[in-house]
Amino acid sequence: MTSSLKIDLDYLTQFLVGLLNIPSPTGYSEAAIAHVERALSAFPVTMTHTQKGALVASWPGSAADKPRGVTAHVDTLGAMVKEIKTTGRLKLTKIGGYAWQTVEGEGVSVLKADGSAVRGTILPVKASVHVHGEEVTKLERKDENIEVRLDARVKSGFIRSRHLDDKACVAIILAAVKAIHDAGLKPAQRTTIHISNYEEVGHGAASGFPPDLAELLTVDMAAVGEGQNSDEFSAGICVKDSGGPYHIEMRRKLVKLAEDAGIPYKLDIYPFYGSDGEAYWRAGGDVKVGLIGPGVDASHSYERTHKDSLEHTARLVAEYLVRL
């Protein structure tokens with residue numbers, strides 16, 4: 001089957017870079033939501049915001065008897081300042097689930113009340129080998145042993161990002177929408193585009209969908225690592241995660257769409273993983289839920305993916321939206 005759907009990878013990448021440059025830890029995502037809203041305004045959708053601040057866009061389809069939805073989250077892991085120490089350094093509390101070891105030594109932007117930012121570095125309280133010797137490596141990495149050393153200088157000539165989960169998938173959805181629009185097509189069913197903002201703490205897409213929704217395609221990272229089938233070059237299709245199996249009909253539909261369109265894909269199971277689709281199910285959503293995503297290595301650490309995986313996943317989203 002020859003498809004007229006072509007993913008604009010330059011558009012996807014440029015949008016992703018813009019989104020990655022906008023800080024949006026859970027609870028502080030207004031600017032990121034606004035960035036997505038500006039991009040979606042180029043397409044024939046109507047948009048509203050939920051009371052929690054999620055963006056919901058409605059796209060009329062050729063039919064409306066079995067409406068579909070697609071969702072990805074814009075909120076990321078992060079931290080909040082818990083205390084200003086007498087040394088001038090900052091004590092933190094984590095937002096979302098990650099280990100302090102994965103961010104040790106990272107540069108951070110500390111947002112001030114007036115919206116400006118001060119750069120700093122995440123360090124253990126005993127960071128110098130020349131001062132503390134072996135205590136540096138033996139120190140337990142827990143909240144009370146981690147601090148931010150503030151620095152007024154900012155030195156960055158390149159993009160460094162830990163938040164491909166899930167900003168890469170927001171970019172994928174936007175690229176899929178653009179591909180459909182550029183091809184002069186529209187979705188096969190009325191489509192709700194839901195950009196959640198509380199996924200990292202478990203209830204992102206629990207609400208915000210129309211009551212007649214029939215299907216929900218969740219777009220989130222495919223976890224790459226030892227023992228996993230997913231890779232950084234294919235579209236990942238999740239069969240099961242920590243919340244249980246995804247809907248068998250959605251999985252079969254996604255596999256057939258990928259095979260018919262010649263999209264490389266990997267089926268996989270993620271034992272330590274949850275998604276926005278699960279949040280909607282747990283909130284009582286009576287829909288068929290599927291989960292796909294680009295392969296992301298070192299999730300919730302210094303993450304990596306490949307443009308091939310982004311493109312293949314975006315193509316699969318586009319094929320899903322336009323096919324009956």
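This is a predicted model: local features need pLDDT of at least 70, side-chain atom pairs count only at pLDDT 80 or more; totals for chains, interfaces and linings use all residues.

**Exercise 1.** Find out how far apart the closest N and O atoms of glutamate 140 and lysine 142 are, and decide whether lysine 142 is buried, partly exposed or exposed.

*Solution.* 
- Step 1: The closest N and O atoms of this pair are 3.6 Å apart.
- Step 2: A salt bridge needs such atoms within 4 Å, and glutamate 140 and lysine 142 do form one.
- Step 3: Lysine 142 has 31% relative accessibility, so this residue counts as partly exposed.
- Step 4: For context, a search of the whole structure gives 16 salt bridges.

**Exercise 2.** Locate the salt bridge between aspartate 212 and arginine 190, and work out where in the chain each partner sits.

*Solution.* 
- Step 1: The side chains of aspartate 212 and arginine 190 meet with an N to O distance of 2.7 Å.
- Step 2: Arginine 190 lies in strand 9 (189-196), while aspartate 212 belongs to the loop between strand 9 and strand 10 (215-219).
- Step 3: The partners are 22 residues apart, and the pair links distant parts of the chain.
- Step 4: With 37% relative accessibility, aspartate 212 is partly exposed.

**Exercise 3.** For the salt bridge between glutamate 319 and arginine 323, classify glutamate 319 and arginine 323 by their accessibility.

*Solution.* 
- Step 1: These two side chains form their salt bridge at 2.8 Å, N to O.
- Step 2: Buried means under 20% relative accessible area; glutamate 319 has 2%, so this residue is buried.
- Step 3: Arginine 323 has 28%, so this residue is partly exposed.
- Step 4: Elsewhere, salt bridges with shared partners join Asp8, Lys178 and Asp182 into one network.

**Exercise 4.** Check the length of helix 6 (residues 248-261), then describe its buried side and the face turned away from that side.

*Solution.* 
- Step 1: Helix 6 has 14 residues, and at 1.5 Å a residue these should span 20 Å.
- Step 2: The end C-alpha atoms of helix 6 are 20 Å apart, which agrees.
- Step 3: The buried residues of helix 6 are Met250, Leu254, Val255, Leu257, Ala258 and Ala261.
- Step 4: They are on the same side of helix 6, because they cover an arc of only 160° around the axis.
- Step 5: The face turned away from the buried side carries the exposed residues Arg252 and Lys256.
- Step 6: What covers the buried residues includes strand 10, strand 12 (235-241), strand 14 (265-270), strand 15 (288-297) and helix 8 (307-322).
- Step 7: After helix 6 comes glycine 262, with a positive phi near 70°.

How values were computed
Residues are numbered from 1 along each chain as its sequence is written. Side-chain values use heavy atoms; hydrogens and water are left out. Buried means under 20% relative accessible area, exposed over 50%, partly exposed in between (1.4 Å probe, protein chains only). Helices (H or I, at least four residues) and strands (E, at least two) are DSSP runs, numbered from the N terminus. The expected span of a helix is 1.5 Å times one less than its number of residues. The arc is that of the directions from the helix axis to the C-beta atoms. Contact means heavy atoms within 4.5 Å.
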